[in-house]
Amino acid sequence: MNTATFIASPWGSVLAIAAMALVTFLCRIAGVVVMSRVRITPRIERGLRALPGSIILATILPVAMDNGWPAIAALAAAIVAMAVTRIDIVGLLAGLGTLAVIRALG
């Protein structure tokens, strides 16, 4: 069996999934190893607390900007709902609901 045939076979898929799982595990464990050597000061702690929101914003904002004002309005509704309730699913429902209503109205 040559390489091209192996990659196209079901075992090629299994190998690809196993490799991705291994790389994901190594990335996650590397974060734990690196952070075990860092002294957590109040400044670093504030930065770590802000990191999830920054990652989400960096992921969602370009998509919202590309999709125009309906996506921006839905994002604003989700942000307001999250700020008021502090419940993730409420923010998700508010954003999706707003986008669905805007699209349904035209």
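Hello everyone, let's begin with a pair of helices: the axes of helix α4 (residues 69–85) and α5 come within 7 Å of each other and cross at roughly 155°. Here axes are lines fitted to C-alpha atoms, for helices over the stretch in contact, and angles run from 0 to 180 degrees between N-to-C directions. Helices are DSSP runs of H or I with at least four residues, numbered from the N terminus.

A quick word on the source: this is a predicted model, where local features need pLDDT of at least 70 and side-chain atom pairs count only at pLDDT 80 or more, while totals for chains, interfaces and linings use all residues. Residues are numbered from 1 along each chain as its sequence is written, and side-chain values use heavy atoms, with hydrogens and water left out.

Back to our pair. α4 and α5 are roughly antiparallel to each other, because that word applies to angles over 145 degrees. Who makes the contact, meaning heavy atoms within 4.5 Å? From α4 the residues include Trp69, Pro70, Ala73 and Thr85, and from α5 they include Asp88, Gly91, Leu99 and Ile102. The residues of this contact divide into 13 nonpolar, 4 polar and 1 charged. Ala, Val, Leu, Ile, Met, Phe, Trp, Tyr, Cys and Pro count as nonpolar, Asp, Glu, Lys and Arg as charged, and the others, Gly among them, as polar.

Let's zoom in on isoleucine 102, found in helix α5 (residues 88–105). Is isoleucine 102 buried or exposed? Isoleucine 102 is buried, at a relative accessible area of 17%; buried means under 20%, exposed over 50%, and partly exposed in between, with a 1.4 Å probe and protein chains only. Setting aside neighbours within four places in sequence, isoleucine 102 touches Trp69, Pro70 and Ala73.

The axes of α3 and α4 come within 6 Å and cross at roughly 140°. Ile60, Leu61, Ala64 and Met65 in α3 meet Ala71, Ile72 and Leu75 in α4. That contact has 7 nonpolar residues, no polar and no charged.

Finally, charges. The structure holds 1 salt bridge, that is, a side-chain nitrogen of Lys or Arg within 4 Å of a carboxyl oxygen of Asp or Glu. Arginine 49 pairs with glutamate 45, their closest N and O atoms being 2.6 Å apart. Both lie in helix α3 (residues 42–66), 4 residues apart, about one turn of the helix. Arginine 49 is exposed at 61% relative accessibility, and glutamate 45 is partly exposed at 36%.

Notes
Helix = DSSP H or I, 4+ residues; strand = E, 2+ residues; numbered from the N terminus. Contact = heavy atoms within 4.5 Å. Parallel < 35°, antiparallel > 145°, perpendicular 65-115°, else oblique.
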